[in-house]
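Dear colleague,

I am handing over the structure below, together with notes on what was found in it. Please read the notes with the coordinates open beside them.

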Amino acid sequence: MEQPIYLDNAATTKTAPEVVEAMLPYFTEHYGNPSSIYSIGSAAKEAVTQAREKIAATLGARTNEIYFTGGGSEADNWALVATAEAYAAKGKHIITSKIEHHAVLHTCKYLEKRGYEVTYVDVDENGILKLEDLKRAIRPDTILISVMFANNEIGTVQPVREIGVIAREHGILFHTDAVQAYAHLPIDVEDMKIDMLSASGHKFNGPKGIGFLYIRTGIKIRSFLHGGQQERGRRAGTENVPGIVGIGRAAELAFSKLQENGAKEKMLRDHLIKRIGEEVPYCRLNGDAKRRLANNVNYSFRFIEGESLLIMLDMKGICASSGSACTSGSLDPSHVLLAIGLPHETAHGSLRLTVSAANTMEEMDRVVDAVKEIVGRLREMSPLYEDFIKKQK
Amino acid sequence: MYSEKVMDHFQNPRNVGEIENASGIGTVGNAKCGDIMRIYLDIDDDGIIRDCKFKTFGCGAAVATSSMATELVKGKSIEEAMKVTNKAVMEALDGLPPVKVHCSLLAEEAIHAALWDYAKKHGIEIEGLEEPKADIHEGEEDEEEY
């Protein structure tokens with residue numbers, strides 16, 4: 001069989017060899033605890049500081065505003081729960097969007113069960129937050145607005161700066177889940193008026209199990225993990241030194257090639273979008289055509305179901321993802337696809353392809369050919385397609 | 001996640017298609033949940049299922065259970081076809097993941113729906129056959145914990 005084609009970079013990315021290389025000495029040589037006094041400990045401590053400096057520089061933040069976490073979900077949980085607790089005296093109302101990652105949505109549900117109120121603002125048919133609805137949702141007791149930077153399923157990039165300005169004008173904190181956007185798009189926390197930002201290492205060729213939360217100086221936020229004085233007493237636990245070194249190196253690499261990689265991904269993405277749109281009938285591009293992550297393609301194909309499509313693609317060595325219920329472990333298809341107004345059956349037939357700069361145009365052509373063939377085959381098997389064709393006659 | 005047999009029936013589904021002037025047609029499931037099965041039966045004067053075809057919109061397990069169900073009823077009498085339960089379909093496929101058990105229920109229901117259609121057209125009653133539900137739902141959904 002030919003080499004597999006990996007088109008699921010929104011799920012995770014390949015750890016860059018340079019990242020692995022940078023991490024290894026922190027398992028073997030510099031294994032000391034950063035809190036220790038002797039030299040192998042201080043070498044680890046120095047590496048953690050350097051990684052923190054590198055990341056802070058990519059966001060226009062200060063070094064002491066970056067807090068390492070066990071990943072993006074932890075950062076989201078921390079930002080929401082700890083802010084909710086710290087600002088409860090001011091109010092118990094939070095605003096978010098209907099298309100957030102479950103790390104945010106399920107944390108909101110958790111807070112609702114504990115006496116907080118959450119408004120889930122609508123998005124338009126392309127997944128862009130309705131700013132007028134956001135403004136209308138603001139109340140005197142609103143303490144936090146949390147809106148993702150870019151959506152993990154449909155790739156829509158939100159008007160983050162506009163949201164930041166609205167939040168700042170009303171004296172409300174603004175958190176953004178930037179797991180899909182960080183190290184893919186330029187982000188400036190000052191310019192965009194971001195108060196908190198979550199990111200995850202393995203979405204940009206870094207290691208898994210490491211992420212960070214940016215917290216603007218002056219924000220009251222409670223400690224999430226209690227124990228030692230690590231992360232300025234706000235996140236206890238011995239630092240994941242190799243992971244921190246890895247995420248720092250990955251950020252450095254990603255930002256040194258931000259434009260170059262983005263341009264390459266965009267070319268691959270646009271080729272997929274164009275060919276699928278032209279060659280596969282009864283399909284719909286989900287997400288905004290312009291305000292879109294450079295690596296994201298998301299199509300719905302009518303009359304077919306996504307899991308079947310994924311298994312058949314896998315048999316051809318193509319790794320992709322879907323918003324169908326069968327891939328989510330529940331009976332409901334993706335909340336994101338429903339929020340942008342897709343009927344259930346169309347949402348079940350969605351396909352997400354997320355490219356990386358390491359992919360090639362030849363691979364894109366192979367993928368389109370495979371998608372065309374498989375969608376055709378599944379439609380031949382579909383009673384919905386049969387009914388549709390009979391109605392056409 | 002799937003057994004080899006499920007993968008085989010998904011990759012090479014048996015009896016896909018339609019039967020013109022079928023003796024009975026049954027469609028069950030709904031698009032909202034992501035599964036629809038349609039079964040066509042060709043039943044001769046002796047009550048033997050001469051041919052059986054299906055069309056399915058759904059996941060790998062839905063396609064595989066439809067395919068296996070058609071195999072299990074083909075050549076059988078109506079009485080024997082009534083004994084093809086979801087368990088029989090599952091066993092024949094060497095099992096299904098727990099979240100996919102509803103697919104096998106759907107397959108059983110699709111056969112029953114096609115038999116019901118046949119019985120109605122011919123003004124007969126089939127022992128043990130009840131009017132099919134328009135919709136199949138798998139038990140209670142688990143309450144999510146937060």
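How many residues does the contact take from chain B and from chain A? The contact takes 22 residues from chain B and 25 residues from chain A, where two residues are in contact if their C-beta atoms, placed from the backbone, lie within 7 Å. Before the rest, some conventions: this is a predicted model, in which local features need pLDDT of at least 70 and side-chain atom pairs count only at pLDDT 80 or more, while totals for chains, interfaces and linings use all residues. Residues are numbered from 1 along each chain as its sequence is written, and chains are lettered from A and ligands numbered from 1 in the order in which they are written.

On the side of chain B that touches chain A, helix 1 (4-11), strand 2 (35-43), strand 3 (49-57) and helix 2 (60-73) of chain B each supply at least two residues (helices, H or I with at least four residues, and strands, E with at least two, are DSSP runs numbered from the N terminus). Strand 3 of chain B gives the most to this side, with three residues. Sorted by class, the side of chain B that touches chain A holds 11 nonpolar, six polar and five charged residues, given that Ala, Val, Leu, Ile, Met, Phe, Trp, Tyr, Cys and Pro count as nonpolar, Asp, Glu, Lys and Arg as charged, and the others, Gly among them, as polar.

The domains of chain A

Chain A is divided into domain 1 (17-256) and domain 2 (258-392), with bounds that come from an automatic or database domain assignment. The C-alpha centres of domain 1 and domain 2 of chain A lie 30 Å apart, and the contact takes 19 residues from domain 1 of chain A and 19 residues from domain 2 of chain A. On the side of domain 1 of chain A that touches domain 2 of chain A, the residues divide into nine nonpolar, seven polar and three charged.

Helix packing in chain A

Helix 4 (residues 72-86) and helix 5 (residues 102-112) of chain A pack at an angle of about 30°, with their axes 9 Å apart; axes are lines fitted to C-alpha atoms, for helices over the stretch in contact, and angles run from 0 to 180 degrees between N-to-C directions. Helix 4 and helix 5 of chain A are therefore roughly parallel to each other (angles under 35 degrees count as roughly parallel, over 145 as roughly antiparallel, 65 to 115 as roughly perpendicular and the rest as oblique). The residues of the contact of helix 4 with helix 5 of chain A divide into seven nonpolar, four polar and one charged.

The contact of helix 9 with helix 14 of chain A has eight nonpolar, one polar and three charged residues.

Individual loop residues

A:Phe303, in the loop between strand 10 (296-301) and helix 10 of chain A, has a positive phi of about 75° although it is not a glycine. With 23 C-beta neighbours inside 10 Å, A:Phe303 counts as buried (buried if 20 or more other C-beta atoms lie within 10 Å of its own, exposed if 12 or fewer, and partly exposed in between, with C-beta atoms placed from the backbone). B:Asp94 also has a positive phi, near 60°, and is placed in the loop between helix 4 (86-92) and helix 5 (101-122) of chain B, where B:Asp94 counts as exposed with 11 C-beta neighbours inside 10 Å.

A:Ile340, in the loop between helix 12 (335-339) and helix 13 (344-348) of chain A, is buried, with 26 other C-beta atoms within 10 Å. Not counting residues up to four places away in sequence, A:Ile340 touches A:Val123, A:Glu125, A:Asn126, A:Gly127, A:Ile154 and A:Asn286.

Kind regards
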